[in-house]
Amino acid sequence: MQYQSQAVAKPYFIAAIGLFVGQIVFGAILGLQYVMGDFLFPEIPFNVARMVHTNLLIVWLLFGFMGAAYYMVPEETETELYSPKLALILFWVFLAAGVLTIIGYLAVPYATLAQITGNDLLPTMGREFLEQPTITKIGIVIVALGMLFNISMTVLKGRKTAIIMVLLLGLWGLAIFFLFSFYNPENLVLDKIFWWWVVHLWVEGVWELILGSILAFVLIKMTGVDREIIEKWLYVIIAMALISGIIGTGHHYFWIGTPEYWQWWGSIFSAIEPIPFFMMVIFAFNMVNKRKRDHPNKAAMLWAMGTPVMAFLGAGVWGFMHTLAPVNYYTHGTQITAAHGHMAFYGAYVMIVLAIISYAMPLLRGRAAGNSKKAQIVEMWSFWLMTVSMVFITLFLTGAGILQVWLQRINENPMGFMEVQDKIAIFYWMREVAGVIFLIGLIVYVTSFFIGGDEEEASS
Amino acid sequence: MTQSHTKISQYPPGDFAIWIFIYAELLVFGIFFLSYAFARSQNVELFNESQLNLNRISGAINTLILITSSYFVVRAVAAIRENKSLLCARWLLAAIVLAGAFIGIKLFEFISIYSEGISLSTNTFYMFYLSMTFFHFMHVIMGMVILIAVMLKAKQGGYSNEDHTGVETGASYWHMVDLVWIILFPLVYVMR
């Protein structure tokens, strides 16, 4: 750790991991509810478990991004953070808002939560992924703006690198597009159009900038390759991500009541969305081949290499599979979507946050370069357990999805939704087994933080 | 012209990143062209009928304009290779003026189509015609911005025969804009 104020990243990373555990526990509950519908009912109904699972994912990734920003900005700008105190205050505000919201989901019925948080004053609740009470949403905006103020002021007084400018652009975009969660028109078509401005333009737009900049940062640090080379790649990757991703929003506009030309625009532009991810793979492996040193933190390297590969598979390949309008006509909203969602989120965003945590955490804990060999081996085990089980989750859900599409939509005598769910239960069982292995992998991951041993020496 | 300035020229000319960009752009337009061909094969009559309504004359003039502007850009690169910064800037200015003419004619075309009440939703042919020409239109504007930036730097003597990657970068992009139009025009306006 070169700058004192980088230390504020630590609580963010710890909170991220804590909420990650919560997310996966609820994922395991949810997976079981697919095959045992009344499991934990009425304490935790399916819709609540799902809401907690998805919301926790978003919140912990945001914690991860913020931690990454607080860690990267001082080092890249070569100056202390504008206000470490503000960063810590915002941490507690965000954690409190997040935890209270989850407790709210679990403690009272959703309608009651809406009532006691004054949703009728400014109705924003009740939409998938944006279920948070309006007051929580306002809290998120305050935290995001506070963080942006803090890091923007830091960047203004320090060195301005391409990595940090891309990161800033991504974080500003993240905050700006979240504002559309406050727009809740009566017209359902308009509602959906702008809902995607948060959901799609986050994960297939500005979040990719954050992903790209974190990846570039970690690769510079670990490989020692010249900044100019890495930055050039970064520019090209984000240009591709934006060219394809922005109009690619159209692949959500196929069947929601928008004009037909969206089927063409959405298909054509989203068809090239895999390319930036493919370029990330080439980029990462090229940089490693050109490396000027062997960094002792092998675990961080594994995460950094795994990210583009899994992101390309999950976001790129599994996304492309059902992005063309004529295909999506059949697959829309089936388990194919769930398969894609799981691997894309894991590959692109979970892994990049774990990569920066893996790289930064040993340094934040005062170690020279990396954890002990023993701790790294355990962490690498968790990498393989989680990654391989996620591959299987994805494959099982894809199997479920293909069967579902066939029985429910293509078959000459299409079956009803629930009837089909019974037929594909075997896939859900296998997915649950893979999910439990994922949870075990996560426990192994957490354990790796508590393993001591001799530190790795820093290499020059 | 002496050969002294022709060091072993690097290939591709210009900045490497612009080529990734150019290939990406060509890929997008390529997918558009393929989609057009596919959609047309599903409804040849509609495409042929709607196509007759387009203004082929203005399209042809615009083709000549873009090809000529590309030639001017070639002259600009040749000029800077002989260390003639001002001449380079002047050739670029000529190309930019022609690009402006392209924009003007295209706007005229868009306005007359619009006044006929034609939109993206009229039929599949017009969806493609409007989408592809509009995306290309945006690229012409982007190309103009790049050429203007290069011209201003050339004017201030920012390039030399030793170091003129920027001029080649701008020229490469501009040729791509031209190339796309050379395919787009016959495909959408003429071929039937």
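What percentage of the 192 residues in chain B do buried residues make up?

1. Buried residues make up 35% of the 192 residues in chain B, where a residue counts as buried if 20 or more other C-beta atoms lie within 10 Å of its own, as exposed if 12 or fewer do, and as partly exposed in between, with C-beta atoms placed from the backbone. This is a predicted model, in which local features need pLDDT of at least 70 and side-chain atom pairs count only at pLDDT 80 or more, while totals for chains, interfaces and linings use all residues. Residues are numbered from 1 along each chain as its sequence is written, and chains are lettered from A and ligands numbered from 1 in the order in which they are written.

2. Chain B has 6 helices and 0 strands, these elements being DSSP runs (H or I of at least four residues for helices, E of at least two for strands) numbered from the N terminus. The C-alpha atoms of chain B fill a box of roughly 60 × 30 × 25 Å along the principal axes. Of the contacts in chain B between residues at least 6 apart in sequence, 82% join residues at least 24 apart, a contact being a pair whose C-beta atoms, placed from the backbone, lie within 7 Å.

3. Helix α4 of chain B (residues 85-115) has 31 residues and should span 45 Å at 1.5 Å a residue, which agrees with the 45 Å between its end C-alpha atoms; the expected span is 1.5 Å times one less than the number of residues. Its buried residues include B:Trp91, B:Leu92 and B:Phe102, and what covers the buried residues of α4(B) includes α3 (56-81), α5 (124-155) and α6 (165-190) of chain B. After α4(B) comes B:Gly117, with a positive phi near 80°.

4. Between the chains, 13 residues of chain B are in contact with 15 residues of chain A. On the chain B side, α1 (16-42) and α5 are the elements that give two or more residues, and α1(B) gives the most, with 9 residues. That side divides into 10 nonpolar, 3 polar and no charged residues, where Ala, Val, Leu, Ile, Met, Phe, Trp, Tyr, Cys and Pro count as nonpolar, Asp, Glu, Lys and Arg as charged, and the others, Gly among them, as polar.

5. In chain A, 19 of the 24 residues of α11(A) are buried, so this helix is largely enclosed by the rest of the structure. α11(A) bends by about 25° at A:Gly306, with A:Pro308 following within four residues; the bend is the angle between axes fitted to the seven residues ending there and the seven starting there.

Conventions. Contact = placed C-beta atoms within 7 Å.
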